[in-house]
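Thanks for making time this morning.

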Amino acid sequence: MTGHRRAMGPTLSILVAIIGATLCGAPTHAAKKHWGYHETNLWSTGYPDCKGENQSPIDIKGEEYNPKLGEFKFNGYFKTQTMEFHLTNNGHTAVATLDPRPSLSTQAGGLPGVYIPHSLHFHWGGDRRTGSEHFINGKQYPLEMHLVHYHSSYPNISMAQNQPHGLAVLGVLFEVSETKNKVAEVLFSALSAIKNQHDVTTIKSFDVLSMLPADRPYFYRYQGSLTTPPCYESVVWTVFASPNYISASQMDKLRALMHEGEHGATNLINNYRPLQDIGTRKIYKSFKKLPEKMSLKGAADHVTVMWAVAAAMTVIAFAGAKH
Ligand SMILES: *[C@@H]1O[C@H](CO)[C@@H](O)[C@H](O)[C@H]1NC(C)=O
Ligand SMILES: [Zn+2]
């Protein structure tokens, strides 16, 4: 965070955030204490679950292959292409909420039931070296997106958020590439309309599934928590093994968002929680081995590789034609 790094005093910590508390994007009814990313070690004073033993995020390593995980089924997600979303700057992140929520759901992929999508939001850094909440084998990414779902056996996310397996969050890591992510541009271009904390705008025709990486069968799974207060340990976590990508200018649109701090408005950056201990938990993966062509370098590299292959084939075809 820029500007004010000194520890927050009790005066500020009893300030009630108006719509600030988001539970990783979820609405709350009860008034919540103020919290921020420069005082993550103090979260547990107002929110005791934040010092639990099944917290998120974690560094994903030493995972075990679980053949039962299988692949996800995304039901009705094509409808998001003609749905309205509210995009909000809540002071902690930019969150796109599906409103209204028609008959969409995610199941399989080892999930304990059917889950309803609620919203998606982001965590990012002030520069390329930091940003994601989850790490993979010690590597942090510049951006992480969370697609938040709640279990269909609850009437809404508020009722589900503190229940075992109440939430399923799909985490997508992003790399910064030379190429603009065209399908994500609807969302990133709307960020200029929510520059200040509490700003809300509407976006139309947003394809949620296009925000997931192409290699969806390859993912990690573990049991964890909300990565923001109140840190409920209710989340079935999925982190996709393959990153998606966005351009540097799209990344800058996130970094240009502002939020209200102790000494006025500052850039909303570095809104990621530090790594938590894995403890006795196990991390599973849905695959034995990543396919050769899919390095963890991001979609932009695939594009480069594809072009190289296409170019090589053209040369071969041309050479062949000459005979
Ligand atoms: C969620 O559902 C409960 C139980 O039906 C209800 O009391 C509550 O008002 C609902 N909350 C929201 C935010 O819709
Ligand atoms: Zn999150």
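The largest nonpolar core of this predicted model has 64 residues, where such a core is a set of buried Ala, Val, Leu, Ile, Met, Phe, Trp, Tyr and Cys residues joined through C-beta atoms within 7 Å, and buried requires 20 or more other C-beta atoms within 10 Å of a residue's own, with C-beta atoms placed from the backbone. Ala 94, Leu 143, Met 145, Val 169, Val 172 and Phe 174 have the most contacts inside this core, and strand E13, residues 167-177, gives the most to it, with 8 residues; strands here are DSSP runs of E, at least two residues, numbered from the N terminus. Val 172 touches, among others, Met 145, Met 211 and Phe 240, leaving aside residues up to four places away in sequence, a contact being two C-beta atoms, placed from the backbone, within 7 Å.

Elsewhere, 3 strands form an open sheet of mixed pairing, in the order E3-E10-E11, pairing meaning that DSSP finds at least two bridges. Strands E3 (59-60) and E11 (139-140) stand at the edges with a single partner strand each, so one side of each lacks a neighbour in the sheet.

As for confidence, the mean pLDDT, the predictor's per-residue confidence from 0 to 100, is 85, but it stays under 50 over residues 1-23. Where pLDDT is low, the predicted coordinates should not be read in detail.

Residues are numbered from 1 along each chain as its sequence is written, and chains are lettered from A and ligands numbered from 1 in the order written. In this predicted model, local features need pLDDT of at least 70 and side-chain atom pairs count only at 80 or more, whereas totals for chains, interfaces and linings use all residues.

How values were computed
Helix = DSSP H or I, 4+ residues; strand = E, 2+ residues; numbered from the N terminus. Buried ≥ 20, exposed ≤ 12 C-beta atoms within 10 Å, placed from the backbone.
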